Amino acid sequence: MALREILKFGDDALRKKCRPITKFDDRLGELLDDLEETLISSDGVGLAAPQVGILRRVAVVNVRDNHGNIELINPEIVEQSGSQMGKEGCLSAPNEWAEVERPNKVTVRAFDRHGNEFTITGEELLARAFCHEIDHLDGVLFIDHVEKTIPPRGDKL
């Protein structure tokens with residue numbers, strides 16, 4: 001296992017759509033182990049492969065609940081419901097936070113490191129983490145979900 005360097009906002013790799021995993025082999029296992037070690041070292045709740053420069057549909061999530069480390073390979077959200085507003089940040093944007101609206105409950109279909117398909121449902125923080133990491137796999141950043149407002153200029157029309 002090895003710590004990987006986390007790319008920062010502005011790096012072009014963070015805006016690219018990732019390719020699906022087609023081979024479930026030792027290299028994939030090594031990537032997952034590295035992502036988990038890097039996540040723990042960074043004290044985050046999720047990390048996606050493009051954040052370490054690997055443009056593949058792989059992410060790990062750990063919100064420090066009874067689920068532990070959740071490995072997501074080729075994940076897709078298959079169901080979502082409700083709504084929640086909450087403070088969100090990103091390991092690729094240290095010390096930057098914004099209020100982001102996300103579904104309150106999501107069900108994700110993905111594969112594990114051995115190629116076995118599974119579904120998992122998360123609520124609240126886990127749902128937020130799933131959405132955030134899956135967005136990374138499509139080149140979407142949490143700041144893209146922040147409503148942009150135009151401050152008044154004070155000019156009279």
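This is a short walk through the fold of one predicted protein model.

Okay, ground rules before the fold. Since the model is predicted, local features need pLDDT of at least 70 and side-chain atom pairs count only at pLDDT 80 or more, while totals for chains, interfaces and linings use all residues. Residues are numbered from 1 along each chain as its sequence is written, and side-chain values use heavy atoms, with hydrogens and water left out.

So, the overall picture. We have two helices and seven strands; by that I mean DSSP runs, H or I of at least four residues for helices and E of at least two for strands, numbered from the N terminus. Reading from the N terminus, the order is α-β-β-β-β-β-β-β-α.

On dimensions, the C-alpha atoms fill a box of roughly 65 × 30 × 25 Å along the principal axes. As for burial, 44% of the 157 residues count as buried, where buried means under 20% relative accessible area, exposed over 50%, and partly exposed in between, with a 1.4 Å probe and protein chains only.

Contacts next, meaning heavy atoms within 4.5 Å. Of the contacts with a separation of 6 or more, 64% are between residues 24 or more positions apart.

Five strands make an open, antiparallel sheet in the order 1-2-3-6-7; strands pair here if DSSP finds at least two bridges between them. Strand 1 (46–48) and strand 7 (117–123) are at the edges with a single partner strand each, so one side of each has no neighbour in the sheet. From one strand to the next, the twist averages 35 degrees. Angles, by the way, run from 0 to 180 degrees between N-to-C directions, with axes fitted to C-alpha atoms, for helices over the stretch in contact.

What packs on this sheet? Helix 1, residues 26–42, does, touching strands 1, 2 and 3, with its direction at about 40 degrees to that of strand 2. Helix 2, residues 125–137, lies across strands 1, 2, 3, 6 and 7 and runs at about 125 degrees to strand 7.

Let's zoom in on strand 3, residues 70–81. Strand 2 (residues 58–61) is joined to strand 3 by four bridges, antiparallel. Within that pairing, Val58 sits opposite Ile73, and Ala59 has Leu72 as its bridge partner. Strand 6, residues 105–111, is joined to strand 3 by six bridges, again antiparallel, and there Ile73 stands opposite Phe111.

Asn95 is exposed, with a relative accessible area of 74%. Its C-alpha atom is separated by 25 Å from that of Ser83, twelve residues apart along the chain.
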